[in-house]
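Okay, thanks for coming, everyone. I'll walk you through one model today, strands first, then helices and cores. Here it is.

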Amino acid sequence: MRIALAGAGAFGIKHLDALTAIGGVTVTSVVSRRLEQAEEVAQKYGAVHASVDLDDVLARDDVDAVILCTPTHLHAQQAIAAMRAGKHVQVEIPLADSWPDAQEVDRVQRETGLVGMVGHTRRFNPSHQWIHRRITAGELSIQQMDVQTYFFRRTNMNALGQPRSWTDHLLWHHAAHTVDLFQYQTGEDVEIAHAVQGPLHPDLGIAMDMSVQLRTPSGRICTLSLSFNNDGPLGTFFRYICDNGTYIARYDDLVTGREEPVDVSAVDVSTNGIELQDREFIAAIREGREPNSSIADVLGCYRVLGELETQLASQR
């Protein structure tokens with residue numbers, strides 16, 4: 001399997017590290033905004049080609065699939081371009097930054113029949129997998145999810161503390177993780193969704209604080225608090241309040257409501273959610289099947305985000 005990676009920033013490196021653990025996979029090309037960075041990363045991971053032009057990479061015969069870790073506003077158009085060029089594609093979250101664009105990517109995937117997957121990593125973290133397996137086995141039922149997504153990003157910096165060329169977004173990026181996971185874990189589509197946000201940042205033009213409430217038809221609820229103003233602890237923390245226990249997931253780790261560690265080491269072949277996500281992408285291509293977190297599978301998340309965006313726009 002010959003992979004091209006576009007976007008050699010903080011998350012792109014996570015994918016490259018993960019791919020080194022998967023047999024039969026070669027990274028053949030790296031794309032970045034700066035050629036110097038692309039060449040440096042390509043050399044480190046053994047790729048034979050580096051470029052600043054994604055179209056150049058999509059025209060290559062030694063690329064079977066593309067992983068997109070590029071700025072959010074490019075995701076939809078680049079995913080479409082990859083599939084139009086005959087390449088399977090995994091696009092990092094979010095699939096798009098508008099509901100119409102998400103629908104268009106879905107349409108092109110159905111038209112081409114190629115594997116199209118979105119990086120909804122929470123589905124693959126061992127912590128959330130542990131919960132999911134017990135739900136499907138009938139051992140747990142979610143009553144409520146309380147989620148905190150907190151960062152300290154009052155300037156436009158990435159996870160490595162480097163300046164970004166684009167602006168991150170609480171709704172279209174960070175809320176997407178929770179909206180999708182809530183629907184995935186409950187097995188229901190959200191029927192009621194509300195959101196409020198704080199003032200827009202004077203320079204970045206985005207809300208730095210946001211609150212989202214969701215409810216499914218059976219009455220399961222989710223409360224999500226998001227902030228770029230929070231000065232630690234940083235990250236996303238999921239509290240599952242269930243009929244048979246309470247659990248707190250912090251990325252790949254899981255504890256009970258009393259902070260007792262839950263052993264998730266045997267859940268999958270790795271405890272690295274990104275690696276498990278990439279393994280699913282590659283396996284789906286090899287087996288000619290729809291992957292978990294396919295474009296069609298996560299589309300309902302973007303419908304909800306589109307509804308919330310309309311609500312937030314009316315509040316300004």
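Before I point at any strands, a quick bit of bookkeeping: two strands count as paired if DSSP finds at least two bridges between them. Strands themselves are DSSP runs of E, at least two residues, and helices are runs of H or I, at least four residues, both numbered from the N terminus. What you're looking at is a predicted model, so local features need pLDDT of at least 70 and side-chain atom pairs count only at pLDDT 80 or more, while totals for chains, interfaces and linings use all residues. Residues are numbered from 1 along each chain as its sequence is written, and side-chain values use heavy atoms, with hydrogens and water left out.

Let's begin with the mixed sheet. What is the strand order in the open sheet of seven? Reading across, we get β8-β9-β10-β7-β11-β12-β13, with mixed pairing. The edges are β8 (192–197) and β13 (253–256), each with a single partner strand, so one side of each has no neighbour in the sheet. From one strand to the next, the twist averages 15 degrees.

Helix α7 touches β7 (142–150), β9 (209–215), β10 (221–227) and β11, and its direction makes about 160 degrees with that of β10. Those angles run from 0 to 180 degrees between N-to-C directions, and axes are lines fitted to C-alpha atoms, for helices over the stretch in contact. Helix α9 packs there too, touching β8 and β9, at about 40 degrees to the direction of β8. When I say contact, I mean heavy atoms within 4.5 Å.

While we're on α7 (residues 170–186), it also packs with α6 (residues 126–136), at an angle of about 30 degrees and with the axes 9 Å apart. That makes the two roughly parallel; the cut-offs are under 35 degrees for roughly parallel, over 145 for roughly antiparallel, 65 to 115 for roughly perpendicular, and oblique for the rest. On the α6 side, the contact uses His128, Ile131, His132 and Ile135, and on the α7 side Leu181, Tyr184 and Gln185.

Strand β1 (residues 2–6) pairs with β2 (residues 26–31) in the parallel sense over five bridges. There, Leu5 is partnered with Val30, and Ala6 with Val31.

For β1, four of its five residues are buried. Buried means under 20% relative accessible area, exposed over 50%, and partly exposed in between, using a 1.4 Å probe and protein chains only. Helix α1 has buried residues as well, among them His15, Leu16 and Leu19, and its buried set packs against β1, β2, α2, β4, β5 (88–92) and α8 (273–287).

Last stop, the cores. A nonpolar core is a set of buried Ala, Val, Leu, Ile, Met, Phe, Trp, Tyr and Cys residues joined through side-chain atoms within 4.5 Å. The largest one has 72 residues, and those with the most contacts inside it are Leu95, Met145, Leu214, Tyr240, Tyr302 and Leu305. Helix α9 (residues 295–315) contributes the most, with nine residues. There's also a second, separate core of 26 residues, including Ala42, Tyr45, Ala47 and Ile285. If you zoom in on Tyr240, its contacts beyond four places in sequence include His128, Ile131, Met145 and Leu181.

That's my tour; over to you.
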